[in-house]
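Subject: Structure for you to look at

Hello,

Here is the structure I said I would pass on. Please open it first, then read the notes below it.

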Amino acid sequence: MADTENTPPAGDAKPLSKSALKKQQKEAEKAAKKAQRKAELAEAQKQEQADDISKDLYGFMTMIQSTEKPDRSLIHVKDISSGQAEQEIWVRGRLHTSRGTGRQCFIVLRDQQATIQALVFVGENVSKQMVKFCTNITKESIVDVCGVIKTVDQPIEACSQTNLEIHIRKIFVVSKAAPQLPLLIEDASRPELEDGKEDESGRARVNQDTRLDNRILDLRTTTKQAIFRLQAGVCKLFRDTLTGKGFCEIHTPKIISAASEGGANVFTVSYFKGNAYLAQSPQLYKQMAIAADFGRVFTVGGVFRAEDSNTHRHLTEFVGLDLEMAFQYHYHEVLQVIGDLFIAIFKGLRDHYQTEIQTVGKQYPAEPFKFLEPSLILQYPEAVNMLNEAGCEMADNEDLSTPNEKLLGRLVRKKYDTDFYILDKYPLEVRPFYTMPDPNNPKWSNSYDMFMRGEEILSGAQRVHDPEFLTERAKAHGIDIKTIQAYIDSFRYGCPPHAGGGIGMERVTMLYLGLHNIRSASLFPRDPKRLTP
Amino acid sequence: MAVSGPMYGMRPFYSFKGGAVELPTIMYKMKNLLGNNFASPTTNGDMVSAELHHLEERQLELLKKLDRMIDGLQTIKPVSKSESPFQTNPVTDVVIHASPDKPPLCLKFIKCLLQKQYKVLWKVHFHSSLKKLPVFDKLWYNQECTDRNANEVIITVIFKEISGGKPVAYLRPSMDLPIEGEANIARFFGRIFGTYDSLQSASATALTDVVLDACDVLQSYRSDCSEALLTLRKALGDKSFLCGNQPSIADFVAFSALQTTNFKVEQDTLMQWFQRVNSE
């Protein structure tokens with residue numbers, strides 16, 4: 001007996017103990033009660049729904065499978081104007097934030113860079129249930145809202161539409177977001193202070209890696225929307241300005257047979273039975289285009305650097321804006337063109353991308369970018385002298401180190417009040433072998449760097465276009481002629497004198513806006529530690 | 001026996017027979033180092049004289065050059081008193097930030113004076129803070145140059161939005177405080193020319209200072225301007241220029257102050273002076 005008492009019933013045949021029976025009974029009662037409660041609740045809900053005066057005014061939309069094409073135009077949040085006050089409109093946006101207090105619910109609708117406040121409160125056509133539904137919509141869901149535009153007395157500082165709000169009449173969820181978000185857009189949009197200082201209130205913020213791991217959410221922030229729209233502007237202005245100056249856009253191969261600039265930092269990829277490399281720059285190909293009589297060429301494309309440097313300004317893949325041009329007698333003709341190009345880009349950004357600049361400025365405060373017209377051109381010895389005067393020991397045939405570059409940027413800014421300048425006549429020994437030496441003093445070369453906010457963004461030079469002299473220069477650098485024979489041979493059939501340079505698109509974006517990290521300016525950045533997403 | 005005469009008879013040391021004694025003129029005799037050529041100039045005398053002529057010509061030329069140098073030095077005496085005020089290699093770049101509404105017109109004269117003594121590069125830039133590029137006369141054109149270091153001094157004028165409109169000059173960003181105001185910038189250049197402070201008498205310097213201060217007032221506040229104008233008129237007196245018979249930095253700055261602040265100059269000595277400076 002003792003056995004059966006302690007072991008659970010194995011089958012129906014066996015009689016149950018008293019206590020087990022009791023247990024079973026209790027469970028059955030519980031289940032019955034639960035079922036009853038559920039039924040009651042369902043009944044109540046049904047009743048509620050039946051009573052709900054606004055049950056057709058909200059809900060989850062069935063998945064849009066293009067079944068119908070209603071005659072309804074959705075207005076973009078950024079286009080809503082005070083002229084539309086008291087009008088009923090349809091808006092589609094993401095539910096940025098919501099705050100419900102029983103009888104009313106405030107939500108912020110976000111559409112790209114624009115936000116607007118919307119509210120729903122229990123009233124003539126709005127039931128309690130509808131307000132509750134609004135409160136429970138998960139953040140980042142896409143909603144279609146129909147409502148009346150109203151002007152407000154107190155400006156709403158948190159939204160881009162500060163003087164208008166929407167009084168919701170209908171709200172439907174188009175696409176639901178998961179209730180748990182890896183990061184909150186609000187947190188990701190908080191102002192970044194320099195040196196990673198906390199703001200006073202100590203509110204949550206999102207670190208760089210979380211941002212990059214959940215890039216699509218991070219990209220939804222108004223700041224990132226603005227950054228990449230401005231970046232598109234940089235490219236557009238680059239293309240438009242150069243096309244206007246008679247340049248021809250070319251596309252160069254990215255899979256190449258030999259390392260173009262030295263062999264150290266090049267990615268090797270398998271190419272059928274052998275190996276190939278990813279282009280470190282379109283250098284050789286744009287020079288060949290010059291040798292092929294294109295006169296002035298530019299190219300926009302991916303550039304790969306296998307440098308294991310984890311800094312704020314290095315990426316392993318970035319977009320190069322490269323140009324090369326044949327000149328008549330002096331490489332300063334090219335310097336002039338590049339200087340004018342930058343002025344055109346800066347002016348275009350200043351005049352046509354002010355909204356984006358302002359938006360980014362809210363999260364990454366920076367002084368407006370300053371430049372001079374015509375561009376300031378300094379010579380290398382002047383720069384070294386300025387550094388020496390500031391108490392920085394360096395010889396005039398040394399390359400600029402990164403801290404010196406920054407210091408020089410500050411000194412130039414103080415004296416000339418410009419964030420952009422050109423440094424001409426670099427020492428020959430710090431430049432690659434294909435750089436044309438200075439005609440008067442072999443210590444210098446016909447080469448230049450350009451700087452934005454004290455960081456290098458362009459490096460360029462007059463190239464040696466004479467095959468014999470090129471061979472001589474390569475030998476002087478201790479380069480095996482055989483490895484660059486194809487390069488030298490491309491000048492064998494006559495080539496006009498030419499110069500050019502390459503610009504890093506992400507760097508221009510980062511430095512123009514005063515961002516602290518180049519990863520903020522690359523849509524899906526690639527660095528030695530990151531290949532995804 | 002009577003002994004007389006010396007005890008010993010001796011032969012004299014030498015026998016002097018009288019007549020001229022021929023003494024040697026040199027200690028050692030040697031062969032002529034120059035050989036026979038020199039001894040017989042007749043053999044190739046033409047060549048030697050040509051050489052001598054050449055030498056003489058060179059000497060004369062050098063003397064002439066020296067004369068010219070002395071003349072040159074005398075004309076730039078005030079500057080040559082000290083070393084060149086500009087550091088070369090790399091070149092000195094004096095950067096002046098100015099407002100396009102109140103361009104420092106005194107630079108027009110300073111530029112001319114500088115160009116008389118130095119190789120000057122004149123650069124003009126427009127800053128991005130300007131919404132619209134101002135239209136200027138030929139004075140503010142930008143000089144193109146492929147080698148900045150080939151110059152002795154560069155004047156860079158940067159036109160930008162300046163609150164108050166006072167021009168500011170920078171020499172070395174790391175060490176110096178900027179030079180503020182047109183009057184002070186003019187003083188800086190005046191010292192370089194030696195026309196201010198260094199060679200003048202103390203009273204002349206004081207007069208220049210009074211005028212420059214009046215200009216400062218003219219350019220800064222509008223309330224005290226009648227007094228400042230009076231100062232200028234008094235300083236001018238019946239002279240042709242503010243500090244004598246020669247135009248000086250005081251005239252240039254006063255000209256600029258009156259020009260840029262658009263004061264109505266009445267038909268009197270000041271007006272005549274104004275036109276006189278303008279034509280300089």
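In this predicted model, strand β14 of chain A, residues 372-373, is joined by two bridges to β2(B), and the two strands run antiparallel. One of the residues involved is A:Leu372, whose bridge partner in β2(B) is B:His127.

That pairing belongs with the contact between the chains. Chain A puts 22 residues into the contact and chain B puts in 18 residues. On the side of chain B that touches chain A, β1 (92-98) and β2 (120-127) each supply at least two residues. The most comes from β2(B), which gives three residues. By type, that side of chain B has eight polar, seven nonpolar and three charged residues.

Within chain A, the domain assignment gives domain 1 as 74-175 and domain 2 as 222-521. Taken over C-alpha atoms, the centres of domain 1 and domain 2 of chain A are 47 Å apart.

I also looked at one residue in chain A, A:Ile185, which is found in helix α4 (residues 185-188).

Beyond its neighbours within four places in sequence, A:Ile185 is in contact with A:His96, A:Glu140, A:Leu217, A:Arg220 and A:Thr221. Of these, A:Leu217 is 32 residues from A:Ile185 in sequence, yet their C-alpha atoms are 7.0 Å apart in space.

Regards

Notes:
Residues numbered from 1 in each chain as written. Chains lettered and ligands numbered in written order. Predicted model: local features only at pLDDT ≥ 70, side-chain atom pairs only at ≥ 80, totals over all residues. Domains from an automatic or database assignment. Helix = DSSP H or I, 4+ residues; strand = E, 2+ residues; numbered from the N terminus. Contact = placed C-beta atoms within 7 Å. Nonpolar A, V, L, I, M, F, W, Y, C, P; charged D, E, K, R; others polar. Pairing = 2+ DSSP bridges.
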